[in-house]
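Here's a quick briefing to read with the model open. Take a look at the structure, then work through the points by topic.

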Amino acid sequence: MSELTIDFEQVEAMGISRQAFDEVLDIIGRQPTIDELSTLLAMWEANGKQQSLYGWLRGQHHVVERNDYLYDGSADHRAIREPKVKECVEIARTLCKNLTPATSHFTLNTGTLLYMVGNVSSEFADSDYARRCLHLVDQPMATGGHEEDRQYIEMILTALSGADLLSAHAAVGQGGVFCSLLRFTSPLGFDILTPREVRLDAFLFGEEPGRYLVTLPETVDDAFLLKMDDARLNCCFLGRTTKNRILVDGFDFGPVADFS
């Protein structure tokens, strides 16, 4: 990842308005690197080119709009501000510090596809993140009734593994998708995109059960997705494994070693 920052003359040459550039500064809380801005521009061209970049950024709810989450589990009702990407780096380091890597019986290569199977959750109150970072001691949004879903997904993924349609799978556990990915892909890292309709901290650190991480080679991607449709399972493409570095939504979280 290039450490070179970019000035506004270069930004204008890339077709980015002052409003959009200011919005990028608000997202990451600092001057972006050239690589970060180039990645964001590529994401816009792939997903939102029918709008201005500024308009597209304004639609990225979990990193731009300050849509507070109302914690309604106690008498004092706490409003929890959605963290910026930069703040999520520090949250992730707190949650993943001294994390024990998963014992794996498979070898991952750089560039392996990463998926999440199961419902995308917007809940995080009953999580390590809520307890350690937000200091929420109650668990008003703890969810039950996931055991049948978990058993069904486990059965399908085990069958697909036996048919060589995936490399490995693991449940999302303590620390949510972020910490589970760190354990799952160790000693490699990961480069993922997060769904825009869900709060960034909820997606990365929520621990709602009944969700699985899956790795597979690109050669079986189409066949895997067809099986997901046949099984009527929600499946979310996350990204790919990297060589010892972590990126989220195009922004560099740093080397894997920073989270151990």
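What follows covers a strand, a helix and some cysteines.

This is a predicted model, in which local features need pLDDT of at least 70, side-chain atom pairs count only at pLDDT 80 or more, and totals for chains, interfaces and linings use all residues. Residues are numbered from 1 along each chain as its sequence is written, and side-chain values use heavy atoms, with hydrogens and water left out.

**Strand β6**

- Five of the five residues of β6 (residues 212-216) are buried, so the rest of the structure largely encloses this strand. Buried means under 20% relative accessible area, exposed over 50%, and partly exposed in between (1.4 Å probe, protein chains only).
- Helices (H or I, at least four residues) and strands (E, at least two) are DSSP runs, numbered from the N terminus.
- Y212, V214 and L216 point one way from β6, while L213 and T215 point the other way.
- On pairing, β3 (residues 113-117) runs antiparallel to β6 over five bridges, with L114 partnered by T215. Two strands pair if DSSP finds at least two bridges between them.
- Strand β4 (residues 168-171) also pairs with β6 in the antiparallel sense, over four bridges, and there H169 stands opposite V214.

**Helix α7**

- Helix α7 (residues 147-162) has 16 residues and reaches 22 Å from first C-alpha to last, close to the 22 Å expected at 1.5 Å a residue. That expected span is 1.5 Å times one less than the number of residues.
- Which residues of α7 are buried? They're I153, I156, L157 and L160.
- The face turned away from the buried side carries the exposed residues E148 and G162.
- Just after α7, D164 takes a positive phi of about 60 degrees.

**Cysteines**

- There's one disulfide in the structure, with a disulfide being a pair of cysteine sulfur atoms within 2.5 Å. C96 and C179 form it, their sulfur atoms 2.5 Å apart.
- The pair links distant parts of the chain, 83 residues apart: C96 sits in α5 (residues 85-96) and C179 in α8 (residues 176-185).
- Both C96 and C179 are buried, and their link is left-handed, at -105 degrees about the S-S bond.
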